[in-house]
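Biologist: Hey, could you walk me through this one? I'm new to it.
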Amino acid sequence: MAQGKIKTRVVGVDIGLERTTTAVVDIRGNILGKDDFPTSDYPNISDFASVLCDNIITLVQAHGGYETIRAVGISVPSGNYRTGCVVNSPNMPWKGVVPMAAMLRDRIGLAVSLGNNAHVRALGEQTYGAAHGLKDFILITLGTGMGSCLVSNGVPHLGQDGFAGEIGHCCAVPGGRQCGCGKKGCLEMYTSKKGIVMTAQELLADSDAPSLMREVDTLTLSYMIDCCEKGDEMAIEVFNRTGKTLGLALANYASVFNPEAFVFTGSVMCAGEWLLKPTEETFQEHVFRNIAGRVKFLSSELEKEEMDLLGASALAWEVEEYSLFK
Amino acid sequence: MEDETKSRVVGVDISKELTTYAIVDIRGNIIAENRFVTTDYPDINDFVTKLSESIVMLVEENGGLFSIRSIGVSSPSGNFLTGSVVNSPNLPWKGDIPLAAMLRDRMGLAVGVANDAHVAALGEHTYGSAHGMKDFIVVTLGSGLGSCFFSNGSEHRGFSGFAGEVGHTCVIDHGRRCGCGKEGCLEAYAAAQGIVKTAEELMAESDKPSLMRQVEHLTPRAIAELCQQGDEMAIEVYRRTGYILGIGLANYASIVNPQAIILAGGISHAGHWLTDPVRESFETHVFQNLRGKVKLLVSKLNDRERDVLGASALAWEIPEYSLFK
């Protein structure tokens, strides 16, 4: 009998709005090779799948060959692990239900698994990052949108249809700001990048008080953080308000799920203490008293570029091996 | 020698007024049952003594101690991970009570303790509406509002065993004061006292006639009966309650993506007066991919039976233990 050979590498893929990154990752999370191409060049999903497949083949041939690869894991917005589909993504060029995992598996002949970025990052943090060793924690993504993944007893909770974790579309303000999802007052309309900018614009319109924020045409998050550093009171107030809304929502989340920690990821987290301090104050005020003071606030320490690739590689280990040739 | 399998457990339901205990077999048949008044024993030591004596008597009359595998206890504020009853606002015993350890030492049998929502969920999963479901939420609506959610076929307990406190999530910033010390908790609107409070507010807001004005001690049940008689203000009470509860459940479901939400407990008997507005508000506020997909069910088990059956299911979850081995 031939001795079974163990494959020690996987491919992690991160599909972002602008760029798609691919990487060969070994068992310990070392990235052996990396490549990328612009996502938006391929508005047709079949073209995209073919280009992605070619890109992966070229990459793995340059780093140890196709036979060393166990599986492929993909991080994609609106990805559903249970079905392997990208479902009704508001931001991606492909509409409706796209069976991305099946399309890629048929082209590449390897097992392919797919998850949304919150799910994938939770796996990444659990395997290689801040959540290592935690059994009950909540991963939060705060960027263009807001998502989360609840890990229960060491396993990500995906829900009946794989849509669990949509904290961004919980109602934070009944009858509040109109959200792209069709509802009103969704949390992400207050805490994501665009939500924070909207709060700033509202504050600017409400009064005539001087503020550095009035000096630019298009407000960005990083500019507002600069304003905070320079002591601009109105900019600081923007983050105070954001923190209050966020802190209340996280307190409710924690009261229901009693996590050991929150792990924060995403571009909004560059606001650091300006956001986290008011968030934590409101959180402690509103959380169920038996767990007040017992929930850790952790920030991801993984590199921004690596976070999703490592998570996608961890996801690749979750699926059964599959080969066209066996 | 062949090892004997024990096919019976004891389920205990401690509630504010009564403590019910029963012998239950593997299929959920209640072999024998009895109860005593909880409030007669304000000292926890007296209570545990009374409870263990009662159980021993019941067991001796029905097959003997050796037929019993273990004991499951449902108690408000019970924590499964520690076996303690922690800071209960409603029970006479204050602080952190190691109930499981106390009872085990007296009985010589393994004892599991959990809160009523956790136990209700186990009961529904083993013998009720949630049979065969893997991801679902059970919400208990009574004098308090609790919940338990199942992830992948087993209950989510949380890091320190306190998960499920949806009653103490804030629905109205700086709203009504809650017994827990916070403001605007869901429980202050959707549990028994909250519903009565809503009725009082409605009566104070206007001069409109309502049969509720003639009731001396309003209860959620009395209000539901007035709904049946067509009293508009009573219907409005449940409409407002359902609206707020619907938002709370929609937020819960958006995060959990459950197959079903099962409502249990006294308030759920208000029937469609409550569930219609809950469903309407729920569908408005839930994440779009879930719209129309989550079943809203009302428990079909009898309230008292569910807690005893759930406690018996809990008893099967813990490893066997005996003083005599």
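Predicted model: local features only at pLDDT ≥ 70, side-chain atom pairs only at ≥ 80, totals over all residues.

Biologist: Got it. How many helices and strands does chain B have?
Modeller: Chain B has 9 helices and 13 strands. Both are DSSP runs numbered from the N terminus: helices are H or I with at least four residues, strands are E with at least two.

Biologist: And what's the radius of gyration of chain B?
Modeller: Chain B comes out at 21 Å, which agrees with the value near 20 Å that a compact globule of 325 residues would have. The radius is taken over C-alpha atoms, and the globule rule is 2.2 Å times the number of residues to the power 0.38. Along the principal axes, the C-alpha atoms of chain B fill a box of roughly 75 × 45 × 35 Å.

Biologist: How much of chain B is buried?
Modeller: Of its 325 residues, 50% count as buried. A residue is buried if 20 or more other C-beta atoms lie within 10 Å of its own, exposed if 12 or fewer, and partly exposed in between, with C-beta atoms placed from the backbone.

Biologist: Which domains is chain B divided into?
Modeller: Domain 1 covers 8-120 + 305-317 and domain 2 covers 131-300; such bounds come from an automatic or database domain assignment. The C-alpha centres of the two domains of chain B lie 27 Å apart. Where they touch, domain 1 of chain B puts in 14 residues and domain 2 of chain B puts in 17 residues. Helix 3 (residues 116-127) of chain B gives the most to the domain 1 side, with 4 residues.

Biologist: And how is chain A divided?
Modeller: Chain A has domain 1 (9-122 + 305-316) and domain 2 (132-301). Their C-alpha centres lie 28 Å apart. The contact takes 13 residues from domain 1 of chain A and 16 residues from domain 2 of chain A.

Biologist: Back to chain B. In what order do the strands of the 5-strand sheet run?
Modeller: The order is 3-2-1-4-8 in chain B, an open sheet with mixed pairing. Strands count as paired if DSSP finds at least two bridges between them. The edge strands are strand 3 (30-37) and strand 8 (110-114) of chain B, each pairing on one side only. Inside that sheet, strand 1 (residues 8-14) and strand 4 (residues 68-74) of chain B pair in the parallel sense over 5 bridges. For instance, B:Val12 has B:Val73 as its bridge partner.

Biologist: What about the 3-strand sheet?
Modeller: That one is open too, ordered 5-6-7 in chain B, with antiparallel pairing. Strand 5 of chain B joins strand 6 (residues 84-86) of chain B by 2 bridges, and B:Gly78 stands opposite B:Val85.

Biologist: Last one: is A:Leu221 buried, exposed or partly exposed?
Modeller: A:Leu221 is partly exposed, because 19 other C-beta atoms lie within 10 Å. A:Leu221 is found in helix 6 (residues 221-229) of chain A. Not counting residues up to four places away in sequence, A:Leu221 touches A:Lys193, A:Ile196, A:Val268 and A:Ala271. A:Leu221 and A:Ala271 are 50 residues apart in sequence but 8.0 Å apart in space, C-alpha to C-alpha.

Key:
Residues numbered from 1 in each chain as written. Chains lettered and ligands numbered in written order. Contact = placed C-beta atoms within 7 Å.
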